[in-house]
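Reader: I have a new model open on my screen. Could you show me how to read its core and its pockets?

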Amino acid sequence: MPQHAAAAGAPAIGVGFLGAGPVTQAIHLPSLARLGATCRVAHVMDVDSAVASTVAARVGASHSASMESLLDDPAVDVVAICSPHQFHAAQVIAACRAGKKAVLCEKPFAVSADEAAEIAAVSAETGVPILVGAMHTFDPGWLAAE
């Protein structure tokens, strides 16, 4: 069993995905699989219900075509937002207001300063931390360009 396994008796953290496209399938799902018993995919949502169903079946998760279904799912502790950019702010805010433990949002988490300020205010109000997927932080090409 991997060293990352959850503490004895502690349930795995249920992760819900808003968006089941290439980033979810090629990056997030394999990464979660390597975490052993620490995290599990609990719910996959995509506006294309066939995609949601297919991706969820690969990992034994629930699926839906609505954000509300995912946010209402008590098995979802953390929300990963992997949808098109224009939906990020509203989805981050909805996940915070739904009482989830944390939100991971692919970049950009907002498309305007007003959206970013609203997200920050809702995060502070609800106490839900928001992480922005910035995988290029350690990318050699990015570091060279910096």
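Author: Happy to. A nonpolar core is a set of buried Ala, Val, Leu, Ile, Met, Phe, Trp, Tyr and Cys residues joined through side-chain atoms within 4.5 Å, where buried means under 20% relative accessible area with a 1.4 Å probe, protein chains only. Here the largest one has 20 residues, and L18, L70, V79, I81, V92 and V103 have the most contacts inside it. This is a predicted model, in which local features need pLDDT of at least 70, side-chain atom pairs count only at pLDDT 80 or more, and totals for chains, interfaces and linings use all residues. Residues are numbered from 1 along each chain as its sequence is written, and side-chain values use heavy atoms, leaving out hydrogens and water.

Reader: Which residues does L18 touch?

Author: A contact means heavy atoms within 4.5 Å. Not counting residues up to four places away in sequence, L18 touches M45, M67, L70, V79, A80, I81, C82, S83 and Q91. A second, separate core of 13 residues includes F17, L32, V41 and C82.

Reader: And how do I read the largest pocket?

Author: On a 1 Å grid over the protein atoms alone, a pocket is an open set of points where a 1.4 Å probe fits, with protein on both sides within 12 Å along at least five of seven lines; lining residues have an atom within 4 Å of a point. The largest pocket holds about 270 Å³ of space. It has 19 lining residues, and L18, G19, C82, S83 and P84 are the closest to its centre.

Key. Buried < 20%, exposed > 50% of the residue type's maximum accessible area, 1.4 Å probe, protein only. Points joined across faces, edges and corners; volume = space filled by probe spheres on them.
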